[in-house]
Amino acid sequence: MKKVFTNDKFFLAMVLFAVLGNLIYFASVVLYYMGGSFMLAQLPLLIEALCALFLYSSYKKHSKNVMKGLMGAMLMGQLLYAISNLSVLSVPGDSIVVPIYAVLSAALFVNHFIINSDHHSSPSMIRLNQIIVCLLALDAAVWNLLWLVAEPSALNVICVLGFFFGLIGVSAVVVCVESRLDAYRIEREAKGYVAK
């Protein structure tokens, strides 16, 4: 999995997924609900889309401290969004997939801080986050299938696809950057650098 998460094309694809997926999902929710509190609850997804763009830009500029802040913001946004969905269990199966989404989002958030708590490489924690992203993708796929079965309209198909790609993109972008930073730490340690 390391080669996938450190691949430049995969990284750019996940940034596009995060930005376009969240924008498409938000636009389809606006069209479907025409305003209201549910639409307002989706605003953090727009913030996540902006953070993904800025994270990509800061990575290209090697602004490590900015990257770390943006990754934390994105993961906190995802966790808060996951928690808010616990109060909106609408279709059969939501009571299973939504708590899983919340637990996996919390695990990704906590592990991000474990990884960044010191300057040493932590390949096992990076691998754990890569696995969590794969599990999030699986959970999101099941969640979206439940929504498509409950309401198989064309607008809902667009909505579900936007949500799926946005969710996976946000999580994967963060793990891509973490994987790249950890690869850099491993390389640095191999050259004899000792972190303090």
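A cavity is a set of points, on a 1 Å grid over the protein atoms alone, where a 1.4 Å probe fits but cannot get out. Its volume is the space filled by probe spheres set on the points, with grid points joined across faces, edges and corners. Lining residues have an atom within 4 Å of a point.

This is a predicted model, in which local features need pLDDT of at least 70 and side-chain atom pairs count only at pLDDT 80 or more, while totals for chains, interfaces and linings use all residues. Residues are numbered from 1 along each chain as its sequence is written, and side-chain values use heavy atoms, with hydrogens and water left out.

## Cavities and a pocket

The structure holds 2 cavities of 30 Å³ or more. A pocket, by contrast, is an open set of points with protein on both sides within 12 Å along at least five of seven lines. The table also sorts lining residues by class. Ala, Val, Leu, Ile, Met, Phe, Trp, Tyr, Cys and Pro count as nonpolar, Asp, Glu, Lys and Arg as charged, and the others, Gly among them, as polar.

| Space | Volume | Lining by class |
|---|---|---|
| Largest cavity | about 60 Å³ | 5 nonpolar, 3 polar, 1 charged |
| Second largest cavity | about 40 Å³ | 2 nonpolar, 1 polar, 3 charged |
| Second largest pocket | about 180 Å³ | 4 nonpolar, 1 polar, 2 charged |

Helices (H or I, at least four residues) are DSSP runs, numbered from the N terminus.

Which residues line the largest cavity? They are Asn22, Leu45, Glu48, Gln78, Tyr81, Tyr101, Phe163, Gly166 and Leu167. The elements that give two or more residues to this lining are α4 (43-60), α5 and α8. Helix α8 gives the most, with 3 residues.

The second largest cavity is lined by Lys64, His119, Leu181, Tyr184, Arg185 and Arg188. Here α8 supplies the largest share, 4 residues.

Now the second largest pocket. Its lining consists of Tyr59, His62, Lys64, Met67, Arg180, Leu181 and Tyr184. Two or more residues come from each of α5 (64-85) and α8. The largest share, 3 residues, is from α8.

His62, one of the pocket residues, sits in the loop between α4 and α5. Its phi is positive, about 60°, although His62 is not a glycine. Is His62 buried or exposed? His62 is exposed, with a relative accessible area of 68%. Buried means under 20% relative accessible area, exposed over 50%, and partly exposed in between (1.4 Å probe, protein chains only).

## Salt bridges

A salt bridge is a side-chain nitrogen of Lys or Arg within 4 Å of a carboxyl oxygen of Asp or Glu. How many salt bridges does a search of the whole structure find? The search finds 2.

One joins the side chains of Arg180 and Asp8, at 2.8 Å from N to O. Arg180 lies in helix α8 (residues 154-190) and Asp8 in helix α2 (residues 8-33), so the pair ties together parts that are 172 residues apart in sequence. Arg180 is buried, at 9% relative accessible area.

## A nonpolar patch

Patches are made of residues with over 30% relative accessible area and no salt bridge; like charges are joined within 9 Å, and nonpolar side chains (Val, Leu, Ile, Met, Phe, Trp, Tyr) within 5 Å. Accessible areas come from the Shrake-Rupley method with a 1.4 Å probe; for residues, only the protein chains shown count as cover.

One nonpolar surface patch covers about 800 Å². Leu12, Leu16, Phe17, Leu20, Leu23, Ile24, Val157, Ile158, Leu161 and Phe165 make it. The elements giving two or more residues are α2 and α8. Helix α2 gives the most, with 6 residues.

Take Leu12, found in helix α2. Leu12 counts as partly exposed, at 36% relative accessibility.

## A buried valine

Val175 lies in helix α8. At 0% relative accessibility, Val175 counts as buried. Val175 and Val15 are 160 residues apart in sequence, and 11 Å apart in space, C-alpha to C-alpha.
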